[in-house]
Amino acid sequence: MNTQLNLLGKRLNMAPRAHRRWLVVLMYVIFAALIEVWFSMDAPRVATWCLFGAVALNLVFMHLVGRSNEASDEREVKRWDHAYARAYPWLGYCLVFALFASGLTKKLTLISPSTNPALQAFEAQLPYMLLMAAGILYVSLPQAILLWTEPDILEAE
Amino acid sequence: MSENIGSSGPGESGLYNRIAVLRAERGIGRQDLADAVGVNYQTIGFLERGNYGPSLKLAFQIAEFFGLPVEAVFSTKPFRPLSEQVYGSRVVEAEMENRR
């Protein structure tokens, strides 16, 4: 795991777990804001920029934790396996909720149709938002779990 | 607390070890040890703090690096301080001599 993050020319120390947890919270707040902006502003250009933003944010995660196939030793392989094992149930929940929210499974739908126009618009977009969230979780959640769970990192000496 | 002097852990791994003591004693950096046994230096840090329990292979590699039996480096019970183990019996013998 990389212990230094260069953000706009400023070097941030990511060795302490608390710093990494703040980063993860910040990242997902930004992800949520991007999804909200995407769906609330019905403009393809905004959508494109949001997509680029999500990819850029994910690159920050990738820079810090690398890729699972780059694990250099037995502990890292175990940590990646653990992260994937914890991440995939959440991905599954997102997809299942998207299926229910989509109304494709009429008999199983959890959300009863609303009479409020604003809520109706939200209900119409909810499956797509959940699918987008599932996509973001698919590419970022294992890395986020690693950043969140890895204890404070000691210096090489 | 005093039982744990001279060893790290057990932390999450449930295993005590003397890696930090042995490294300090021989002036070996985490990176040097990591290079010698083929792991990331961060893994050595996590081992020292007991955050990670090594595989049998890695435990033997580390013990071989220090030229010690594996039970001298890793244990499921707290280690006695090295100084006490090395000099403890001599101190007791010297005290017995003095009493005579």
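Colleague: In what order do the elements of chain B run from the N terminus on?

Modeller: The elements of chain B run β-α-α-α-α-α-β-α, which gives six helices and two strands. Helices (H or I, at least four residues) and strands (E, at least two) are DSSP runs, numbered from the N terminus. This is a predicted model, in which local features need pLDDT of at least 70, side-chain atom pairs count only at pLDDT 80 or more, and totals for chains, interfaces and linings use all residues. Residues are numbered from 1 along each chain as its sequence is written, while chains are lettered from A and ligands numbered from 1 in the order in which they are written.

Colleague: Is B:Ile19 buried or exposed?

Modeller: A residue is buried if 20 or more other C-beta atoms lie within 10 Å of its own, exposed if 12 or fewer, and partly exposed in between, with C-beta atoms placed from the backbone. B:Ile19, in helix α1 (residues 19-26) of chain B, is buried because 25 other C-beta atoms lie within 10 Å. Of the 100 residues in chain B, 31% are buried.

Colleague: Is A:Leu59 buried or exposed?

Modeller: A:Leu59 is found in helix α2 (residues 44-65) of chain A. A:Leu59 counts as exposed, because it has 10 C-beta neighbours inside 10 Å.

Colleague: How do the axes of α2(A) and helix α4 (residues 117-149) of chain A cross?

Modeller: Two packed helices are described by the angle between their axes and the distance between the axes. Axes are lines fitted to C-alpha atoms, for helices over the stretch in contact, and angles run from 0 to 180 degrees between N-to-C directions. Here the axes of α2(A) and α4(A) come within 10 Å and cross at roughly 35°. Among the residues that make the contact are A:Phe61 and A:Met62 of α2(A) and A:Ile136 and A:Val139 of α4(A); two residues are in contact if their C-beta atoms, placed from the backbone, lie within 7 Å.

Colleague: Which strands of chain A pair in the antiparallel sense?

Modeller: Two strands pair if DSSP finds at least two bridges between them. Strand β1 (residues 4-7) and strand β2 (residues 10-13) of chain A pair in the antiparallel sense over four bridges. A:Leu7 has A:Lys10 in β2(A) as its bridge partner. The two strands form a hairpin with two residues between them, and A:Leu8 in the turn has a positive phi of about 50°.
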